[in-house]
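Open the model in your viewer and keep the sequence panel beside it. We will go from one selection to the next.

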Amino acid sequence: MPIDPLPSPAAAPPPSAVGAATLRAALFAGVAEAAGTRDLEVPWSGGTVADLRRALERACPAAAALLARSALALGSRYARADATVAAGADVAVIPPVRGG
């Protein structure tokens, strides 16, 4: 079985320990490669998908251009920019796919 070249960062302390809620987004394909990780954690108390995209771009400027073009999924469904993202939501960032 191949070894994942992009390890996830160590678990963050619980939100109560740092005084603010956080949200962890799973990153896939080119976004994960640009970010250097498969998970990205950002401070989050709720907002829209558009707000979350901006927070992710600020947290990882190296992946910002690709994040801007990527789809965000909440749970198992793609989400529109105006959809609400609660703290603790299950979020995935899926970059554009090139066909061939």
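Start with V93. Leaving out residues up to four places away in sequence, V93 touches A25, A26, L27, F28, V31, L56, L67, S70, A71 and L72. Contact here means heavy atoms within 4.5 Å.

Before moving on, some ground rules. This is a predicted model, in which local features need pLDDT of at least 70 and side-chain atom pairs count only at pLDDT 80 or more, while totals for chains, interfaces and linings use all residues. Residues are numbered from 1 along each chain as its sequence is written, and side-chain values use heavy atoms, with hydrogens and water left out.

Buried means under 20% relative accessible area, exposed means over 50%, and partly exposed lies in between (1.4 Å probe, protein chains only).

**The whole chain**

Zoom out and switch to cartoon. The protein has four helices and seven strands. Helices (H or I, at least four residues) and strands (E, at least two) are DSSP runs, numbered from the N terminus. Along the sequence the pattern reads α-β-α-β-β-α-α-β-β-β-β. Of the 100 residues, 29% count as buried. Among contacts with a separation of 6 or more, 51% are between residues 24 or more positions apart. Now show the surface. The accessible area is about 6,100 Å², and 59% of it belongs to carbon and sulfur atoms. That area comes from the Shrake-Rupley method with a 1.4 Å probe; for residues, only the protein chains shown count as cover.

**The sheet**

Hide the surface and colour the strands. Five of them form an open sheet with mixed pairing, in the order β2-β1-β7-β4-β5. The edges are β2 (39-43) and β5 (77-78); each has a single partner strand, so one side of each is left without a neighbour in the sheet. Two strands pair if DSSP finds at least two bridges between them. Strands of a sheet pair through backbone hydrogen bonds, either parallel or antiparallel.

Select β1 (residues 22-27) and β7 (residues 91-94). They run parallel and are joined by three bridges. Which residue of β7 is the bridge partner of A26? It is A92.

Next, select helix α3 (residues 49-59). This helix lies across β1, β2, β4 (71-74) and β7, and runs at about 110° to β2. Axes are lines fitted to C-alpha atoms, for helices over the stretch in contact, and angles run from 0 to 180 degrees between N-to-C directions.

**W44**

Go to the loop between β2 and β3 (47-48), and select W44 there. Is W44 buried or exposed? W44 is buried, at 7% relative accessible area. Its contacts, not counting residues up to four places away in sequence, are A21, T22, L23, D51, L52, A55, V85, A86 and A87. Draw a distance from W44 to A86: their C-alpha atoms are separated by 8.3 Å, though the residues are 42 apart along the chain.

**Salt bridges**

Show the charged side chains. How many salt bridges are there? The count is three, where a salt bridge is a side-chain nitrogen of Lys or Arg within 4 Å of a carboxyl oxygen of Asp or Glu.

- E41 and R24: the closest N and O atoms are 2.8 Å apart. The pair links distant parts of the chain, with E41 in strand β2 and R24 in strand β1, 17 residues apart. E41 is partly exposed at 29%, and R24 is partly exposed at 36%.
- D51 and R54: the closest N and O atoms are 2.5 Å apart. Both sit in helix α3, three residues apart, so about one helical turn separates them.
- D82 and R80: the closest N and O atoms are 3.4 Å apart. D82 is exposed at 53%, and R80 is exposed at 62%.

**Last stop: A29**

Select A29 in helix α2. A29 has a positive phi of about 50°, although it is not a glycine. This residue is partly exposed, with a relative accessible area of 43%.
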